[in-house]
Amino acid sequence: MFATPSIYTQTSALPQNVRSLLVFNPMVGLVGSFRAAALGGAIPWAQLIAALIVSVLILLAGCLYFRRIEDSFADTI
């Protein structure tokens, strides 16, 4: 919850190095786009595309990891 700017905005008093790390959180682009659409602002397309890229990378990493351990997955559960 604290890593997604749902309560605070990205332009708040966050240091630049923290704001640059927020790009890796896929929810930042979604929440920022929803906030812009609801408040009538410009949609941050760069953040939305970054959220899409990070989400796809996480999905691919999860699929690859599952493929690697699927033989022993039932034994672990």
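Where does Asn-25 lie? Asn-25 sits in the loop that joins α1 (16–21) to α2. Helices here are DSSP runs of H or I with at least four residues, strands are runs of E with at least two, and both are numbered from the N terminus. The model is predicted, so local features need pLDDT of at least 70 and side-chain atom pairs count only at pLDDT 80 or more, while totals for chains, interfaces and linings use all residues. Residues are numbered from 1 along each chain as its sequence is written, and side-chain values use heavy atoms, with hydrogens and water left out.

Asn-25 has a relative accessible area of 17% and is therefore buried. The classes are set as follows: buried is under 20% relative accessible area, exposed is over 50%, and partly exposed is in between, with a 1.4 Å probe and protein chains only. Asn-25 touches Ala-3 and Thr-4, when residues up to four places away in sequence are not counted. Contact here means heavy atoms within 4.5 Å.

Helix α2 spans residues 26–39. Ser-33 is placed in this helix. Its relative accessibility is 10%, so Ser-33 counts as buried. With neighbours within four places in sequence left aside, Ser-33 is in contact with Ile-43, Pro-44 and Leu-48. Arg-35 also lies in helix α2. Arg-35 counts as partly exposed because its relative accessibility is 24%. Beyond residues up to four places away in sequence, Arg-35 touches Pro-5, Ser-6, Ile-7, Tyr-8 and Thr-9. For one of these, Ser-6, the C-alpha atom is separated from that of Arg-35 by 8.8 Å. Arg-35 and Ser-6 are 29 residues apart along the chain.

Helix α3 covers residues 45–76. Its buried residues are Ala-50, Ala-51 and Val-54. Helix α2 is included in what covers them. The axes of α2 and α3 come within 7 Å. They cross at roughly 145°. Axes are lines fitted to C-alpha atoms, for helices over the stretch in contact, and angles run from 0 to 180 degrees between N-to-C directions. The crossing of α2 and α3 is left-handed. On the α2 side, the contact is made by Pro-26, Val-28, Gly-29, Leu-30, Gly-32 and Ser-33. On the α3 side, the residues are Gln-47, Leu-48, Ala-51, Val-54, Ser-55 and Ile-58. The residues of this contact divide into 7 nonpolar, 5 polar and no charged. A crossing is left-handed if the near helix is turned anticlockwise from the far one by less than a right angle, and right-handed if clockwise. Ala, Val, Leu, Ile, Met, Phe, Trp, Tyr, Cys and Pro count as nonpolar, Asp, Glu, Lys and Arg as charged, and the others, Gly among them, as polar.

Helix α3 contains a kink of about 75°, centred on Glu-70. The bend at a residue is the angle between axes fitted to the seven residues ending there and the seven starting there. Glu-70 also takes part in a salt bridge, with Arg-67 as its partner. The closest N and O atoms of the pair are 3.8 Å apart. A salt bridge is a side-chain nitrogen of Lys or Arg within 4 Å of a carboxyl oxygen of Asp or Glu. A search of the whole structure finds 1 salt bridge. Arg-67 and Glu-70 are 3 residues apart in helix α3, so about one helical turn separates them. Arg-67 counts as exposed, at 62% relative accessibility. Glu-70 counts as partly exposed, at 35%.

Other positions in α3 were examined in turn. Leu-64 is placed in this helix. With 62% relative accessibility, Leu-64 counts as exposed. The C-alpha atoms of Leu-64 and Pro-26 are separated by 20 Å, and the two residues are 38 apart along the chain. Phe-73 lies in helix α3. Phe-73 counts as partly exposed, at 34% relative accessibility. Phe-73 and Ala-3 are 31 Å apart, C-alpha to C-alpha, and 70 residues apart in sequence. Thr-76 is found in helix α3 as well. Thr-76 is exposed, with a relative accessible area of 65%. From Thr-76 to Ala-50, the C-alpha to C-alpha distance is 34 Å, at 26 residues apart in sequence.
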